[in-house]
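Good morning, and thank you for coming.

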Amino acid sequence: MAEPIPDRMRALVLSEYHEDVAESIAGLRVEEQSVRAPRRGQVLVRIEAASCNPSDLLLLQGKYGSLKTLPAVPGWEGVGTVVASGGGLLAWWLKGKRVACGLQGDRDGTWAEYAVAAATECIPLKRRLDTEQAASLIINPLTAMGLLDTARRGGHRAAVQTAGASQLGRMLLVMAAKANFPIINVVRREAQAELLKSLGAAYVLDSSSEDFVEQLKTACADL
């Protein structure tokens, strides 16, 4: 039996951009909003979890390339269950399925209990994929794939990545290893360097080291 869909939901709402990201976060408010009905080619997703990526923080600061008309709900991606279809073969097929979804709407985002997403921007999930992984399935993995593809198509023999211990950096580390493409991973602390080494990174440099610049020159020359 299908679950009832409420008329109202709670959402985190951004009313004002602040260059200081802490101010922006402090300015977010939980508000009640109407649950929108999906149009043809769209689905309504009951959100389980939504990630907070650097692109989300840039939006809060008003620095992202594509800003929203305020007030708006932030959140570019998330995971949840499709509870309603607006029509169309793909949207109908997705109904009842657990999906990762991306949102590019002007006022809508995934930092809410429900979100309307284009059916073409939803990825059906295998049952064994946990919520935390599924909530960040789109932005970081596709960015890592794009970075690696750009480096390889450019004919480069190796690449340097900063923020190597970030979620994106660790994804790129795994993808590059499978492609047999050397990556010099730059981090800012010894603990981060040890983390990447434990994950199999062959080249890890700590930018806080006194001889960091010389190490970087040597590694680049060698590769």
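Predicted model: local features only at pLDDT ≥ 70, side-chain atom pairs only at ≥ 80, totals over all residues.

Let me start with a question: is Arg153 buried or exposed? With a relative accessible area of 63%, Arg153 is exposed; buried means under 20% relative accessible area, exposed over 50%, and partly exposed in between, with a 1.4 Å probe and protein chains only. Residues are numbered from 1 along each chain as its sequence is written, and side-chain values use heavy atoms, with hydrogens and water left out.

Let us stay with Arg153 and turn to salt bridges. A salt bridge here is a side-chain nitrogen of Lys or Arg within 4 Å of a carboxyl oxygen of Asp or Glu. By this rule the count is 8 salt bridges. In one of them, Arg153 pairs with Asp149, and the closest N and O atoms are 2.7 Å apart. Both residues belong to helix H5, and because they are 4 residues apart, about one helical turn separates them. Helices (H or I, at least four residues) and strands (E, at least two) are DSSP runs, numbered from the N terminus. Asp149 counts as partly exposed, at 37% relative accessibility.

A further salt bridge joins the side chains of Arg8 and Glu32, at 3.6 Å from N to O. Arg8 lies in strand E1 and Glu32 in strand E2 (residues 29-34), so this pair ties together parts that are 24 residues apart in sequence. Arg8 is partly exposed at 42%, whereas Glu32 is exposed at 53%.

Next, helix H6. Which residues of H6 are buried? They are Gly169, Leu172, Leu173 and Ala176. Seen down the helix axis, the buried residues of H6 fall within an arc of 110°, so they line one face of the helix; the arc is that of the directions from the helix axis to the C-beta atoms. The cover over these buried residues includes helix H5 (139-153), strand E8 (159-161), strand E9 (183-187) and helix H7 (190-198). Just after H6, Asn180 has a positive phi of about 55°.

We come now to the interior. A nonpolar core is a set of buried Ala, Val, Leu, Ile, Met, Phe, Trp, Tyr and Cys residues joined through side-chain atoms within 4.5 Å. The largest nonpolar core has 15 residues, of which Met9, Leu44, Val73 and Tyr114 touch the most other members. Strands E1 (8-13), E4 (77-85) and E6 (114-118) are the elements that give two or more residues to this core, and E1 gives the most, with 3 residues. Apart from this core lies another, of 13 residues, among them Ala91, Cys101, Ala115 and Ala119.

Finally, the structure holds 1 aromatic pair. The rings of Tyr64 and Trp76 have centres 5.1 Å apart and planes at 40°, so the pair is tilted. Rings of Phe, Tyr and Trp (its six-membered ring) pair if their centres lie within 6.5 Å; planes under 30 degrees apart count as stacked, over 60 as edge-to-face and the rest as tilted. Trp76 is buried at 3%, while Tyr64 is partly exposed at 29%.

Methods: Contact = heavy atoms within 4.5 Å.
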